[in-house]
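Hi,

Here is the structure I promised to pass on.

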Amino acid sequence: MAVQLVISGDADLFEIVGLSLRVSLSATLLACLIGFPVGALVAISRFPGRGAVLVLMNALMGLPPVVVGLLVYLHLSRSGPLGFLGLLYTPTAMIIAQTILIAPIVAALSRQVIEDLHAEYAEQFRSLCLSRMQTVTALLWDARYSLLTVGLAGFGRAVAEVGAVIIVGGNIDHLTRVMTTAIALETSKGDLALALALGLILLVIALGVNAAVQGLRMSARRQAYV
Amino acid sequence: MSNAQIATFSPTAQRVTTDPCLLPLRVRDLGLKCAETSILHGLDLDLAPRGCTVIMGPNGAGKSMLLKLLHGLIQPTAGRIEWGGKSPTEVTARQAMVFQKPVLLRRSVGANIDFVLKARRKPLTQRDSLLEHVGLLHKARDPARRLSGGEAQRLALARALASEPEVLFLDEATASLDPASVKAIEDIILDASARGIRIILVTHDIGQAKRLADDVVFLQGGRVAEHSAARDFFPNPQSPAARDYLNGRLVF
Ligand SMILES: Nc1ncnc2c1ncn2[C@@H]1O[C@H](COP(=O)(O)OP(=O)(O)O)[C@@H](O)[C@H]1O
Ligand SMILES: [Mg+2]
């Protein structure tokens, strides 16, 4: 029955899947826009307190989604500092929450990737007298395959989390209902067919992300770009 | 592998001739300490404005460190390096260095050249003539890190030349290459030298040193043991250390 739902192209189902992808892909994009440069800058800089920053970045990687959801909720709720924006229970709020959730992951992982690459390039770059900006952009570009993998890891985490989006999105039908929150709801209501169908799609997405990572790695290795 | 075709590479942008050049080089009482270990000490060196200087000496003598100091990649802990009174950043920018293990970007062969041309605000049109100069034009689209050892080092050389340096450093650039690749690289070095680029290179290859050197600096234990013209050094080395080295005896 679950498979039938997927195959028959149930409109509600695809609306939910569509919103899920829209929210998590947007969050991933934003998290990469923030996380890549931050990771690269920390990777190539030496400053007092750097060790503490690294510890903090790694700690933020493990942020529990419900805590992120709660914090964003507190800021966006009517009485919160950003309440006037009226963003609570909108897809935008969900994107914000997921961005906060995965930006540290993207930053911490890309910091590691870029630092390793910089260890190899540093002397050559100093010889070329590159500016900090030129160094960062060159490193980001040369680490592109690894960074895509990092981005995909962030997306995988975003699309599978439920705690943050359910708090700031509210799981409102046709508005903020995504795959994970729908699965939670339908399971508690006893509509296992829809829950299973969504679970199946989520699984396929997870597999797809992993396959994409694998494919990227292989094509990069073929060209000796890793 | 075929030899590099030495096509003439003529830089489009003329060097500003009114600008006083980096040379001659004056090094006085140079010292380098790394974590309590003294690597170079009391090193004096004068290099003439033109020609090819070969730095020789046993492993661990401090040759690589000296090159990095001269190029401004690391700072000395004592003494002075004077490149015509230029500021350290300007000195580095007007020089180029080829390392023993070429550090190639994860891009195509052509993009590796473009990278330097862009960084130095030189016209990208120079790329093809540079690649042709080192015999790699037909590989312009290949991934740089798929090149053979000799090709990779030729690309590193082309990239170094792309910045139109006044001084070119090479640190054991032909170690571990086959004779044809060594010859190709030596030809490029000789051509660069003939065009007025000051060459300073480290090698253990005595044949290569004889082929390229105008003068030889022999380093031992972090000091200059001998600095003489190549025509004097090889037939008649003055220092016992250099004599032992040339005869294949271990130097302590
Ligand atoms: N980071 C470092 N810390 C301490 N000693 C170093 C360091 N790097 C190199 N050395 C030492 O400096 C000496 C000179 O090294 P190097 O210039 O690489 O010698 P070479 O003449 O073989 O190029 C060696 O004895 C080496 O062990
Ligand atoms: Mg060395």
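**Where the two chains meet**

Between chain B and chain A the count is 4 salt bridges. One of them pairs Glu123(A) with Lys68(B), with 3.1 Å between the closest N and O atoms. Please keep in mind that this is a predicted model.

On the chain B side, at least two residues each come from helix 1 (63-71), helix 2 (88-93), strand 5 (95-98) and helix 3 (109-119). Sorted by class, that side of chain B has 12 nonpolar, 5 polar and 7 charged residues. In total, 24 residues from chain B and 22 residues from chain A take part in the contact. The two chains bury about 2,100 Å² between them, and 52% of this is on carbon and sulfur atoms. I also have 14 residue pairs in polar contact between chain B and chain A, both residues being at pLDDT 80 or more.

**Around ligand 1**

The shell around ligand 1 divides into 5 nonpolar, 4 polar and 1 charged residues. Among them are Cys34(B), Ile39(B), Pro58(B) and Ser64(B). Helix 1 of chain B gives the most to this shell, with 3 residues.

- Gly60(B) has a backbone N or O atom 2.8 Å from an oxygen atom of ligand 1.
- Lys63(B) has a side-chain N or O atom 2.8 Å from an oxygen atom of ligand 1.
- Met65(B) has a polar backbone atom 3.0 Å from an oxygen atom of ligand 1.

As for cover, ligand 1 taken alone exposes 570 Å², and the protein buries 58% of that.

Best wishes

Methods
Residues numbered from 1 in each chain as written. Chains lettered and ligands numbered in written order. Predicted model: local features only at pLDDT ≥ 70, side-chain atom pairs only at ≥ 80, totals over all residues. Heavy atoms only, no water. Contact = heavy atoms within 4.5 Å. Buried area = accessible area lost by both parts, 1.4 Å probe. Salt bridge = Lys/Arg side-chain N within 4 Å of Asp/Glu carboxyl O. Polar contact = N/O pair within 3.5 Å; in protein donor to acceptor, adjacent residues only side chain to side chain. Helix = DSSP H or I, 4+ residues; strand = E, 2+ residues; numbered from the N terminus. Nonpolar A, V, L, I, M, F, W, Y, C, P; charged D, E, K, R; others polar. Near = heavy atom within 4 Å. Areas by Shrake-Rupley, 256 points an atom, 1.4 Å probe, with all protein chains shown as cover.
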